[in-house]
Amino acid sequence: MEDEIRKVLTEEILSEFESLKNLESGSKEKQMAVEDIAKLYKLELEERKSDADWNETCNRRLMESKREERELDRQESEDQFKKDQLAEQAKDRYIRLGLEAAGIILPLAFYAVWMKKGFKFEETGIYTSTTFRGLFNRFKPTKK
């Protein structure tokens, strides 16, 4: 529709120019026709300017929406990276905790087995072993 309005406006300006040739120069009618042409031409310029402004606004909105989409994509990728990083840290923490627990539980189990065997050997008290006495002094469930 806007193209039709612009086309009609352009045709009107051209027809006014054609009718201007037939008018006597310096007459009041010619002066009024020139003023009418100037007004129509101003309308056409304003129409072109409004179209240009509208196109610029549309382009700006399109660019802003694309920028916002890129920003959302970047934010989503950062969020996913943070989630992955937190999951990796949790996994590392559990592994470290398991290794520390194994570092305490395994020596205790080892000491328990050897102490049980040593006490079983020296149960009667007739025979004592210097090896068991030496090991008994070293049985300390602490970190080295």
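I104, I105 and L108 form a nonpolar patch on the surface, and their accessible area together is about 280 Å². Such patches consist of residues with over 30% relative accessible area and no salt bridge, with nonpolar side chains (Val, Leu, Ile, Met, Phe, Trp, Tyr) joined within 5 Å and like charges within 9 Å. Accessible areas come from the Shrake-Rupley method with a 1.4 Å probe, and for residues only the protein chains shown count as cover. I105 is placed in helix α2 and is exposed, with a relative accessible area of 53%. Exposed means over 50% relative accessible area, buried under 20%, and partly exposed in between (1.4 Å probe, protein chains only).

This is a predicted model, in which local features need pLDDT of at least 70 and side-chain atom pairs count only at pLDDT 80 or more, whereas totals for chains, interfaces and linings use all residues. Residues are numbered from 1 along each chain as its sequence is written, and side-chain values use heavy atoms, leaving out hydrogens and water.

The chain has three helices and zero strands; both kinds of element are DSSP runs numbered from the N terminus (helices H or I, at least four residues; strands E, at least two). Of the 144 residues in the chain, 12% are buried. The predictor's confidence in each residue, pLDDT, runs from 0 to 100; its mean for the chain is 82. Confidence is highest in α2, at a mean of 89, and lowest in helix α3 (residues 130–138), at 63. Where pLDDT is low, the predicted coordinates should not be read in detail.

E44 lies in helix α2 (residues 28–121) and counts as buried, at 7% relative accessibility. Beyond its neighbours within four places in sequence, E44 is in contact (heavy atoms within 4.5 Å) with L9, T10 and I13.

Side chains of opposite charge can pair when their charged atoms come close. The whole structure holds four salt bridges, each a side-chain nitrogen of Lys or Arg within 4 Å of a carboxyl oxygen of Asp or Glu. The table lists some of them.

| Salt bridge | N to O distance |
|---|---|
| R48 and E44 | 3.1 Å |
| R60 and E56 | 3.5 Å |
| E71 and R74 | 2.3 Å |

R48, the partner of E44, is partly exposed at 46% relative accessibility. R60 and E56 are four residues apart in helix α2, which means that about one helical turn separates them. E71 and R74 also lie in helix α2, three residues apart. Through salt bridges that share partners, E71, R74 and E78 are joined into one network.
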